[in-house]
Amino acid sequence: MFLERLLDKKSLVISYYYSANLTLLMNFASLYYRKTGKNICIGNFGKIKWEFYPKDVDFPIKCDENSAFLVFEAENENELPEKFIFATSYKNLKVNAIKVRVEKFEYNTYKAIIEDEIIPFKIVKGEINEIKLANDYTELLNIIKELGGECEMKDLVNIASKRLNIPRDEVKEKILFLKEIDKIDIEGKKIKLIL
């Protein structure tokens with residue numbers, strides 16, 4: 001899971017989505033506690049609306065000098081002490097941290113953009129579930145590679161429909177999903193792989 005990559009780095013999640021911010025913070029806190037055994041201190045704890053988080057908290061929330069410090073919905077740099085390890089905000093705050101942008105593209109489906117990598121994920125019952133590209137999507141990307149990394153939409157639809165044995169409309173939906181998660185670019189009738 002992409003949150004594991006952030007465990008030993010100071011991170012700021014930039015997102016307009018309250019429930020995504022809350023779920024990411026709580027999943028990170030749980031993971032951090034399981035890996036380190038440290039208590040978790042949450043700045044702006046009073047902003048948390050627990051009805052948006054459907055799970056029980058499985059880590060101790062206690063603030064002392066040994067606690068890992070997380071901040072929920074920081075509104076400015078003053079709310080981020082030097083020792084914070086993970087924070088969420090709807091603003092791109094000026095802090096020295098890995099910045100993770102979160103964008104929504106379907107119901108409960110988001111993409112996290114970390115340094116130039118895009119990781120699609122879903123939120124299901126308070127859990128972050130990364131979306132692994134199914135074989136059909138991987139095969140679509142392979143067909144584009146076989147065609148030189150760039151091709152006409154109609155060629156891709158025809159080839160993929162035959163190879164995957166699925167209707168053309170379904171192929172088009174899969175192509176649009178690949179565009180949404182920034183795996184391909186579509187300009188007019190041309191499709192191009194994003195490397």
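## Helix H3 and its two sides

The face of H3 that is turned away from the buried side of this helix carries the exposed residues Lys154 and Lys162, where exposed means over 50% relative accessible area, buried under 20% and partly exposed in between, with a 1.4 Å probe and protein chains only. This is a predicted model, in which local features need pLDDT of at least 70 and side-chain atom pairs count only at pLDDT 80 or more, while totals for chains, interfaces and linings use all residues. Residues are numbered from 1 along each chain as its sequence is written, and side-chain values use heavy atoms, with hydrogens and water left out.

The buried residues in H3 are Leu156, Val157, Ala160, Ser161 and Leu164. They cover an arc of only 125° around the axis, which puts them on the same side of H3; the arc is taken from the directions that lead from the helix axis to the C-beta atoms. Among the elements that cover these buried residues are helix H2 (135-146), strand S9 (150-152), helix H4 (168-180) and strand S11 (190-193). Just after H3, Asn165 takes a positive phi of about 55°.

Eight strands form an open sheet with mixed pairing, in the order S2-S3-S4-S1-S5-S6-S7-S8; helices (H or I, at least four residues) and strands (E, at least two) are DSSP runs, numbered from the N terminus. The edge strands, each of which pairs on one side only, are strand S2 (40-43) and strand S8 (127-130), and two strands count as paired if DSSP finds at least two bridges between them. Strand S6 (residues 109-114) and strand S7 (residues 117-124) pair in the antiparallel sense over six bridges, and the bridge partner of Thr109 in S7 is Lys122.

Thr23 lies in helix H1 (residues 18-36) and counts as buried because its relative accessibility is 2%. Leaving aside residues up to four places away in sequence, Thr23 touches Tyr53, Ile123, Gly126, Glu127 and Ile128, a contact being heavy atoms within 4.5 Å.

## Aromatic pairs

The structure holds nine aromatic pairs, counted where the ring centres of Phe, Tyr and Trp (its six-membered ring) lie within 6.5 Å; planes under 30 degrees apart are stacked, over 60 edge-to-face and the rest tilted. One of the pairs is formed by Phe2 and Phe121, which is tilted, at 5.4 Å centre to centre and 45° between the planes. Phe2 lies in the segment before S1 and Phe121 in strand S7, so this pair ties together parts that are 119 residues apart in sequence.

Both Phe2 and Phe121 are buried, and together with Tyr17 and Tyr110 they form one aromatic cluster.
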